[in-house]
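Work through these exercises with the sequence and the 3D view side by side. Try each task before reading its solution.

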Amino acid sequence: MSLTLTVDGDRWRAHLRRLAESTPGLVPVAKGNGYGFTIGRLARRTQWLADHDLGGDVLAVGTYDELEQAADRCAASLLVLTPWRPNGPAVHPDLAPRVIHTVGRPEDLEALLAQDPRARFVLEQLTSMLRHGMGPAQLRETGRLLAGTARPGRLEGVAMHLPLAAGDHLPEVHRLMNELVAAGLDTDTVWVSHLLPSELTALRAAYPDFRIRPRVGTSLWLGDRGALRVTARVLDVHPVARGQRFGYRGRRAPRSGHLLVVSGGTSHGLGLVAPTGDRALRARASALARGGLDAVGVARSPFIVDGAPRVFAEPPHMQASMIFLPDGCSVPAVGDEVEVRVRFTTTLFDRIVVE
Ligand SMILES: *Cc1c(COP(=O)(O)O)cnc(C)c1O
C-alpha cells in the first residue's frame, strides 16, 4: 500500500520544455532524493532534453556518490556541486572524462591536477552564503597557479552559489565578476545558482562576452506543481469514542470521530520537521523542543481528508500514519485515495507514475 506520486506527463514535459527554452545555458540539478523523482529518472529526463535540442549537455549532481545513479542514464557531462577534496571518493577512470569538479581552494586544485592532469573543473567563488569557495586573493593565487603550470587541466568556468534572497543579487554578482576578471582566469563561463530570470537577463546584458549557465533544480522539476499529485491509501477506518484508548502509546481520543490508518510514514519522510525557508530560527527551535509531534490534536498531518488537512492521532509509524477525523466529516472507505501535501525534497515515494 503505497505513497504514490502521479505525474501528468504532458503537462510536466510542457513545463520542462518551456523552462528550458526560456533559460539559455540551463544546467538541470538532480541531487538527494532527486526532488522526489529519483536522480535516475531526472538523468533520463536530462537525456530527453538533449534529444529535443533543449540543452541537457551538463547535469549537476550533489555529490560524488550520486554520480553512479546519473551516469548510465544520460550522456551529459556531470558537474559535481560539492567541492572536490583530497580525501573524497575516487572517480572511476571510465567516468573521469565526463566529470566536472567544483574546486573551492587553491591547494585542492593542485592536488586534483596531481591526481588527474586532465581534470575538468570549475572554480567556486565565495559568496555571501559563506559556504564554499575562494575569496578574491585565493582566486588570484589560483589564476597565477594555472598560468604557471604546464598541465592545467581544463578550466570550465567559475561558479557562484548565491543565497535565496530573491531579486537583489546583482550588486554581489557584479562584485564577483570583477574578482573573476581581476584573477586573469582564462574562461568565459559563469555557473550561477538562484538568480531570477530578470537577474539572468540583466547579467547577460551587462557581460555579453560571458556564457551564463544557471543551475536549476526546484523551478525546473517542481516548477508546475499542478502537474504533480501525491496520494496515499486509506488502509483502515475505526470509529472512536471520546476518551477511548488507541495507538502505540495508549492515548485517548480527544473527541469522538474516526481514526484513519493511511499509507505513508517516517520511512517516506513524512512527519519529520524540515526547515522551511520562511521559518524563523526560533520557530524551528521550538518545533524541535516539542519533539516534533507530541501533542495529540496539535500536529497537523500532510493528509487532506474531506477538504482539510487532518491532525496526526499519534506520531507517524514507519510506513503508515494514524490520523484523526472528527465527527461531522465525511468518512472515506478502506481503499480510498487521499491527497497528501509533501515537501518533495524530503519525500521518498513508493511509486512514481508518469501518466
Ligand atoms: C541544489 C543546488 C542548486 C539548485 O537549487 P534549486 O533551489 O533546487 O534550484 C543550485 N546550485 C547549487 C550549488 C546547489 O547546491
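**Exercise 1: helix α5**

Helix α5 covers residues 136–147, twelve residues in total, and runs 17 Å from its first C-alpha to its last, close to the 16 Å expected at 1.5 Å a residue. The expected span is 1.5 Å times one less than the number of residues. Helices (H or I, at least four residues) and strands (E, at least two) are DSSP runs, numbered from the N terminus.

The model is predicted: local features need pLDDT of at least 70, side-chain atom pairs count only at pLDDT 80 or more, and totals for chains, interfaces and linings use all residues. Residues are numbered from 1 along each chain as its sequence is written, and side-chain values use heavy atoms, with hydrogens and water left out.

Task: Which residues of α5 are buried, and which are exposed on the other side?

Solution. 
- Step 1. Set the cut-offs: buried is under 20% relative accessible area, exposed is over 50%, and partly exposed is in between (1.4 Å probe, protein chains only).
- Step 2. List the buried residues of α5: Leu139, Thr142, Gly143, Leu145 and Leu146.
- Step 3. Look down the axis of α5. Its buried residues fall within an arc of 165°, so they line one face of the helix. The arc is taken from the directions from the helix axis to the C-beta atoms.
- Step 4. Turn to the other side of α5, where Arg144 and Ala147 are exposed.

**Exercise 2: the ligand site**

Solution. 
- Step 1. Collect the shell, counting a residue as near if one of its heavy atoms lies within 4 Å. The shell holds Val29, Lys31, Tyr35, Leu81, His161, Ser193, His194, Arg215, Val216, Gly217 and Thr218.
- Step 2. Sort the shell: four residues are nonpolar, five polar and two charged.
- Step 3. Another is 2.6 Å, to an N or O atom in the side chain of Tyr35. A polar backbone atom of Gly217 is 2.9 Å from a ligand oxygen.
- Step 4. Check the cover. Alone, the ligand exposes 390 Å², and the protein buries 87% of that. These areas come from the Shrake-Rupley method with a 1.4 Å probe.

**Exercise 3: positive phi**

Task: Where do Tyr35 and Asp53 lie, and is each buried or exposed?

Solution. 
- Step 1. Recall the background: most residues other than glycine have a negative phi.
- Step 2. Take Tyr35, with phi near 55°. Tyr35 sits in the loop between β2 (27–28) and α2 (39–51). Its relative accessibility is 8%, so Tyr35 counts as buried.
- Step 3. Take Asp53, with phi near 60°. Asp53 is in the loop between α2 and β3 (58–61). Asp53 is exposed, at 74% relative accessible area.

**Exercise 4: Ser301**

Solution. 
- Step 1. Locate Ser301 in strand β14, residues 300–305.
- Step 2. Note its relative accessible area of 4%, which makes Ser301 buried.

Technical notes:
A polar contact is a pair of N or O atoms within 3.5 Å; within protein, one must be able to donate a hydrogen and the other to accept it, and residues adjacent in sequence count only if both atoms are side-chain atoms. Ala, Val, Leu, Ile, Met, Phe, Trp, Tyr, Cys and Pro count as nonpolar, Asp, Glu, Lys and Arg as charged, and the others, Gly among them, as polar.
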